[in-house]
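Good morning, and thank you for making time for this item. Please have the sequence and the coordinates in view while I go through a few points.

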Amino acid sequence: MIDIFSTPALVTIILGSVALLIPILDALNKERGAKNKVYSAISFGALALALIVVIYRIFSGENLPAMSLTNTGVIGDDIFGAFFSIAFLIVSIMVTVSSWSYMKKRSNHAAYYSLILLSSIGMILIGYSTDFVMLLVAWELMSIPTYALAAFNKKDPISNEASIKYFLFGALSSAIIVLAMGIVYGLTGTTNIYDSIVAMSQLNPDLIPFGLLAVGLFIAGFGFKMGLVPFHMWLPDTYSGAPTTVATLLAAGTKKAGFAAAIRVIVIGMIALNVHWTFTLAIIAIFTMTLGNLGALTQKSIPRILAYSSIAQAGYILIGLAVAPYSDYGLDASLLQIMNHAVMKSAAFIAAAGVIITLAGYTLEKYKGLGFRMPITAFVFAIALLALAGVPPLSGFWGKYLIFGAAIDSGQTIWWGPYLAIAGILNSALSLGYYAWIIRKMYMEEGENRVRQKEPKSIVAVLLFALGFMIIFGIWYGPLLDLASMAVPNDLIHLISAK
Amino acid sequence: MVEVLGFEGIGISAWLIWMTPFIGAAFIPILRKRSEKIKSYVAVAFSIISALLALSILPLGLSNGEIHSQIPWFSALNIDAGVLADPLAIIMSNLVAWISVAIFVYSISYMHGQRSLIRYWFFMLFFIGSMQLIVLSDNLLMVFFGWEGVGFASYALIGFWYTDRKKDYVGKEGHTAWGIPQWTSPTHAGIKAFLLNRAGDVMMLSGMFMIFMYSGTFGFRELLADQTWAHVMMQQNLLVPAAVLIFGGAIGKSAQFPLNEWLLEAMTGPTSVSALIHAATMVKAGVFLVARIGPLFFALSVFNMNQFFEIVTWVGAITALLLATQAIVNPEIKKVLAYSTGSQIGYMMMALGIAGLSTNFVDGYTAGFFHLISHALFKASLFMAAGAILHTVHSRFMNDMGGLKKNMRKTYIFFLLASLSLASAPLITLGFWSKDAIFASILESNYEFSSYVFLIAVTVAIMTAFYTFRMVGLVFFGKPSQNVVNIENKGHRIREVDKIMWLPFAILAIASIAFGVVGFAFEGQLHHIFATYLASSFGITEDGVVPLEGSEALQSSPELTESDAAITGGSEQDSLELNPFAVVSSVAAFGVGGFLGYLFYIKRIADPEKVSDNVVSKALWKFLYNRWYLNSILYWMGVVIPLAAYRRIYKYFENILMYGINPSVQHSMVVMSRVAKAVQTGNVQTYLYVFSAGIILITMLLLS
């Protein structure tokens with residue numbers, strides 16, 4: 001049933017075999033824990049190969065569908081999945097390469113890289129799933145390795161606390177997702193996503209409340225990963241407590257997997273039920289943005305600021321989802337921002353990781369005078385923060401610009417569209433309050449220690465890559481947006497919402 | 001007409017011409033720890049690569065071909081990025097590229113031993129990249145990017161010696177007019193240039209976007225192809241204002257009246273910078289912009305664009321006169337050259353404006369661009385030679401020089417050759433032919449006030465010849481000044497600068513004479529190229545404007561068949577004839593001005609100070625030396641009074657009102673943030689409670 005040469009299968013094979021190979025290699029090796037560089041290089045190679053496969057498949061001339069919902073199998077080979085896979089793979093590559101430096105003085109390297117690869121497979125499969133059961137399996141495949149990764153500093157109580165909180169809510173949300181799937185199965189009698197969409201659109205009016213209940217549960221279940229308010233509570237504790245590279249994977253990778261699932265299931269699937277459900281998403285979006293930004297405003301620890309900021313960013317992206325049925329490019333804009341955010345947020349977290357390795361601290365005070373002490377790290381960090389704030393001509397600007405533009409456009413059919421844009425713009429202004437504050441600390445204040453530090457090489461390499469991405473796709477965002485538009489099944493949305 | 005579209009083949013070199021210098025600029029900082037030689041050679045190599053790329057498309061330009069290649073840029077706004085290398089752009093691009101190479105080579109020696117060479121080369125390369133971007137881009141938006149790039153590079157290089165040592169100032173210490181100091185530090189000069197340019201840029205930006213609002217495109221070709229936007233704008237009386245606003249950008253960049261004051265202070269930069277940016281290339285960007293959009297607006301002549309061209313003409317004429325008068329009295333060699341630059345650019349603007357007021361657009365157009373070429377050659381040469389002199393005598397004042405003819409033989413000869421071109425010595429100099437072409441086009445125009453314009457042009461020509469000879473006389477003739485004697489007494493003999501330094505300006509000076517000897521034929525060739533270019537790209541022929549084939553232009557004349565014949569036959573009728581009156585007045589102007597200058601400053605039959613020792617001359621001298629008080633007015637109106645007003649505003653509005661409001665906003669945010677933090681208790685019980693409450697709320701919201 002599954003074509004062995006379809007992209008998801010190939011990528012699973014590549015990453016899976018390497019993920020299993022690394023612990024075996026480690027077991028064969030007598031000298032424990034000294035092979036960090038080797039494993040990092042192997043994982044990087046596997047991820048890069050997977051990325052090449054995905055990109056090649058998009059441009060190889062085979063006419064891939066935007067989103068293969070009619071597929072009877074559990075996995076579709078489509079551009080939507082490919083788009084998310086590119087984002088996930090870029091994040092995983094950035095994480096593995098920066099771990100070259102980050103994991104140098106830590107133990108259990110084999111498990112670490114293996115878990116990252118396994119989690120990546122999970123994320124990628126979520127992007128490609130066309131069946132609820134497959135989606136659930138992929139969801140767990142993504143989540144379970146990250147529970148272990150979050151607790152990777154096993155002697156650090158904060159890391160353990162982070163992991164426990166994450167695990168509790170992960171388990172809860174998985175249960176809720178299963179419950180929602182159960183309801184949908186009960187209503188429609190199928191686990192295929194497309195079939196249940198069709199069945200939902202012809203649902204007996206008496207049963208619609210149950211369908212809506214399922215939507216609510218899906219929002220809660222997926223919203224936990226996306227960090228939507230009020231399902232975000234675990235997020236700041238986990239992101240700031242987990243090892244910083246793992247936090248990168250969580251914030252930039254698994255969070256986006258939540259969006260992939262949400263678009264597949266909630267947005268596409270549930271438009272069929274009742275178009276007006278999107279108002280709920282709009283309200284969640286406003287709360288998410290505002291709470292995220294307010295929470296970040298007075299924090300003292302950089303990973304915590306970044307955690308809250310990633311809550312706020314999820315709010316911006318959610319605007320595009322909320323206006324998707326009413327605007328021609330709401331989803332395009334959200335996808336563009338998802339890709340941008342993956343890189344921007346990874347850059348910010350990895351810069352923080354670099355500071356933690358070199359200066360052994362993550363409080364705002366440690367960042368005083370960083371512009372001189374670690375010039376490259378500080379510069380890319382500053383650019384990443386500005387990109388997150390949406391300052392042109394960096395890549396973050398275009399995502400936000402299009403999202404707010406779509407929200408304003410949607411005002412032609414719904415009254416609340418423009419208010420979303422206004423809320424988003426006010427929140428962007430508010431967010432500069434803490435982004436600019438960090439930059440000010442780095443460049444305009446001097447700390448007690450003014451010694452120039454040696455910057456970890458692999459982290460510098462990752463940061464320079466991110467810098468290039470943010471600037472090049474800021475000036476010339478055309479290719480990214482084209483790819484995002486290719487991945488959005490616009491005709492499908494129109495078809496369903498017209499019903 | 002050859003047309004190359006897209007990226008294929010030679011199209012890629014049009015992109016690379018402007019990208020190469022940017023790549024070079026990004027590369028230079030890597031050489032931080034290398035020796036000075038390597039830094040300089042790498043920078044020169046990048047400029048040569050760019051110049052060779054420009055050369056590779058020159059044959060295409062001369063055969064009236066063009067490269068037009070576009071890629072999508074802001075797809076949401078339907079804006080494309082593109083290069084448009086038509087004959088105009090190709091010729092300009094080669095001029096910029098090769099003069100840059102000469103000046104880069106000169107810089108190797110001139111900047112020898114200076115600190116922060118990385119900064120110098122970075123901005124020089126950045127400058128060429130931006131300049132070529134202006135020249136080669138196919139739309140106003142990209143032009144504007146380049147425009148800001150050159151403005152930024154200019155700012156950074158004017159203030160290159162940012163430590164503000166007294167010797168890097170311009171102006172005489174203690175010289176004030178109406179309470180405003182007329183001597184300026186490099187940093188001050190940089191900021192002044194930047195701000196005055198911004199004034200022009202704001203105008204240009206608003207003009208651009210006005211047109212964009214109605215046409216939905218920035219592209220030169222797109223604007224021409226579909227002219228309905230012009231029709232709509234005309235009905236609302238916005239077309240001429242928009243055109244004039246765009247011209248405002250050119251006024252700022254080319255230092256034309258009333259934004260002319262920055263160019264003189266710009267002389268605080270290294271002389272190589274003055275030569276490249278403030279004489280040969282950047283200040284020509286304004287002229288180039290007018291040459292770019294002029295034919296477009298002329299092609300819209302259905303809508304009567306005369307007012308626009310009148311403004312261009314008079315701005316040029318006033319600037320030419322204004323700055324020429326001031327050049328006569330200035331004691332600093334670089335400032336005389338700067339005044340002269342502004343004044344000569346005034347000539348170019350005049351010619352381009354007059355072109356739009358004549359039926360025969362191509363004559364004035366060619367004259368203006370011809371003068372641009374000749375001026376670029378001889379003025380770059382003059383600046384570099386002046387730099388060589390400054391290098392030797394360590395003073396910017398001409399009365400600290402004198403009698404240098406003997407010891408700086410080569411500099412003297414080449415400076416003289418280039419000067420002859422500036423003064424437009426008849427028949428053998430390029431400057432003569434280009435100025436003559438301008439005169440002829442003014443005489444032949446059917447503008448009602450053309451006689452006044454002509455009068456101004458001739459007056460300026462007389463003054464130009466006079467101040468040129470004054471400069472040559474003060475620097476090279478007469479007795480060595482006290483300063484020179486002092487230097488020699490200290491044991492440093494005044495001697496010729498080294499080869500790397502004099503070769504570049506020698507080549508340019510010789511070129512301006514060599515082309516000058518065949519100047520008339522050169523002009524004829526240029527005329528032919530532009531006549532074909534204007535006819536094929538804009539439909540501008542000697543008989544007025546005809547609609548282009550396949551364009552949706554609004555038709556001005558119904559006789560389409562006849563006009564078609566004019567296009568095909570046009571190229572044969574574009575032969576050039578000498579206008580005898582223009583030649584005579586040009587020669588006469590050189591004769592009068594040059595003779596007076598020769599008598600007073602080279603032959604020295606009378607001491608100019610004694611001759612002018614009367615009340616009238618002194619008042620006049622003071623008026624001119626104080627720059628017509630324009631600089632003082634600028635400072636009073638633009639700086640002193642607004643600052644005083646702003647202090648008031650600050651005191652009452654900012655201090656009382658804003659400082660009342662701001663903290664309360666800040667406090668409320670901080671309080672709300674604390675609340676958000678307080679919810680985050682760290683207890684899993686709280687988290688679970690919120691989570692479940694959330695599910696219930698959301699489900700209720702969905703069901704409502």
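I begin with a definition: two residues are in contact when they have heavy atoms within 4.5 Å. This is a predicted model, in which local features need pLDDT of at least 70, side-chain atom pairs count only at pLDDT 80 or more, and totals for chains, interfaces and linings use all residues. Residues are numbered from 1 along each chain as its sequence is written, chains are lettered from A and ligands numbered from 1 in the order in which they are written, and side-chain values use heavy atoms, with hydrogens and water left out.

Consider Thr278(A). Leaving aside neighbours within four places in sequence, Thr278(A) is in contact with Ala322(A), Pro325(A), Tyr326(A) and Trp416(A). Thr278(A) belongs to helix H11 (residues 278-297) of chain A; helices here are DSSP runs of H or I with at least four residues, strands are runs of E with at least two, and both are numbered from the N terminus. Is Thr278(A) buried or exposed? With a relative accessible area of 0%, Thr278(A) is buried, where buried means under 20% relative accessible area, exposed over 50%, and partly exposed in between, with a 1.4 Å probe and protein chains only.

Chain A as a whole contains 20 helices and 0 strands. Its radius of gyration, taken over C-alpha atoms, is 21 Å, close to the 23 Å that the globule rule gives for 499 residues, so chain A is as compact as a globular protein of that length. That rule is 2.2 Å times the number of residues to the power 0.38. Of the 499 residues of chain A, 66% count as buried.

Helix H3 (residues 79-102) of chain A has 24 residues and reaches 33 Å from first to last C-alpha, close to the expected 34 Å; the expected span is 1.5 Å times one less than the number of residues. In H3(A), 22 of the 24 residues are buried, so this helix is largely enclosed by the rest of the structure.

I turn to backbone geometry. Most residues other than glycine have a negative phi, and most peptide bonds are trans. In chain A, the bond joining Pro392(A) and Pro393(A) is cis, with omega about 5 degrees, and Pro393(A) lies in the loop between H15 (375-389) and H16 (395-409). In chain B, Ala255(B) has a positive phi, near 55 degrees, and is buried at 0% relative accessibility. Arg604(B) also has a positive phi, about 55 degrees, but counts as partly exposed at 37%.
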